[in-house]
Amino acid sequence: MTTQQGSIVCVGVGMTLGSHITPLSRSHIEQADVVFSSASDSYVELWIKEMNQDVRSLQPFYAEGKDRRQTYREMVDAMMTEVRAGKKVVGAFYGHPGVFALAPHKVIQQARQEGYHAHMEPGVSAEDCLYADMGLDPGTSGCIHYEATQFMVNRKVVDTSALLILWQVGMAGDRSHKAFTSDNRYRALLQECLQTFYPDSHQVALYEAAVLPIEDVRIEWLALNELSSAKVHQHTTLVIPPSQTKTEDAEMVARLNKLSENM
């Protein structure tokens with residue numbers, strides 16, 4: 001139950017400038033008292049500023065060598081200051097505000113704990129763009145998602161008959177939370193980890209969605225053993241197609257068939 005005057009909604013503006021925002025998210029931005037923006041490009045930020053007279057960038061909270069966890073706390077504090085002042089606040093985040101974005105989840109949680117109305121509106125994410133740009137359907141073979149560092153540091157069982165997608169490969173292995181990209185030595189360890197499941201020559205793809213309508217999507221295919229020397233960015237995604245065909249569970253198929261016969 002909400003008991004306070006202020007409110008916050010975190011919206012997604014999508015990946016490509018002007019193309020992906022929903023009418024509802026645009027309406028929230030236009031009607032807000034103050035908008036905090038976290039955009040992937042300065043042009044996207046300028047576009048958001050055309051929708052509201054009071055748009056404040058969250059990007060200055062980032063700094064090389066600064067712990068990103070501190071950055072996210074400062075972002076939440078900045079948004080909550082305006083919520084507590086009784087204002088209608090919007091956090092406009094690139095892509096989907098709930099996907100690989102800590103601050104939107106934290107500020108909504110904080111606002112609700114303090115009795116303010118808070119919710120999230122979805123946006124077109126990099127995952128959505130990836131399926132469209134690469135012609136992939138996660139329902140065909142199944143799909144597994146990991147953040148790259150999470151994949152590296154946790155024990156795992158990988159179904160190599162399913163599509164595997166690793167996010168934020170550009171920061172793979174960085175546990176300092178201070179760098180914007182990690183160097184090739186970290187990706188060499190990621191490559192080594194993947195080579196325990198896939199052949200060295202297995203073809204994988206580096207993917208980057210288009211931010212501006214004039215940009216090209218990046219889909220670069222390479223052998224797995226070339227990963228450590230490949231050029232990657234903070235937002236690069238690694239797409240690993242299945243390397244094996246699925247094995248049918250004959251017992252389960254027989255049980256399903258028996259049920260069908262008795263219907």
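Colleague: Why is Arg69 called partly exposed?
Modeller: Its relative accessibility is 40%. Buried means under 20% relative accessible area and exposed over 50%, with partly exposed in between (1.4 Å probe, protein chains only), so Arg69 at 40% counts as partly exposed. This is a predicted model, in which local features need pLDDT of at least 70 and side-chain atom pairs count only at pLDDT 80 or more, while totals for chains, interfaces and linings use all residues. Residues are numbered from 1 along each chain as its sequence is written, and side-chain values use heavy atoms, leaving out hydrogens and water.

Colleague: What makes Arg69 and Asp67 a salt bridge?
Modeller: A salt bridge needs a side-chain nitrogen of Lys or Arg within 4 Å of a carboxyl oxygen of Asp or Glu. The N to O distance for Arg69 and Asp67 is 2.8 Å, so the pair qualifies. The whole structure has nine salt bridges.

Colleague: What does the salt bridge between Glu114 and Arg84 tie together?
Modeller: Their closest N and O atoms are 2.7 Å apart. Glu114 lies in the loop between α4 and β5 (117–121) and Arg84 in helix α3, so the pair ties together parts that are 30 residues apart in sequence. Helices (H or I, at least four residues) and strands (E, at least two) are DSSP runs, numbered from the N terminus. Arg84 is partly exposed at 41%, and Glu114 is partly exposed at 26%.

Colleague: Which residues line the second largest pocket?
Modeller: Arg69 and Arg84 are among them, along with Tyr72 and Lys106. A lining residue has an atom within 4 Å of a pocket point; on a 1 Å grid over the protein atoms alone, a pocket is an open set of points where a 1.4 Å probe fits, with protein on both sides within 12 Å along at least five of seven lines. Helix α3 gives the largest share of this lining, seven residues.
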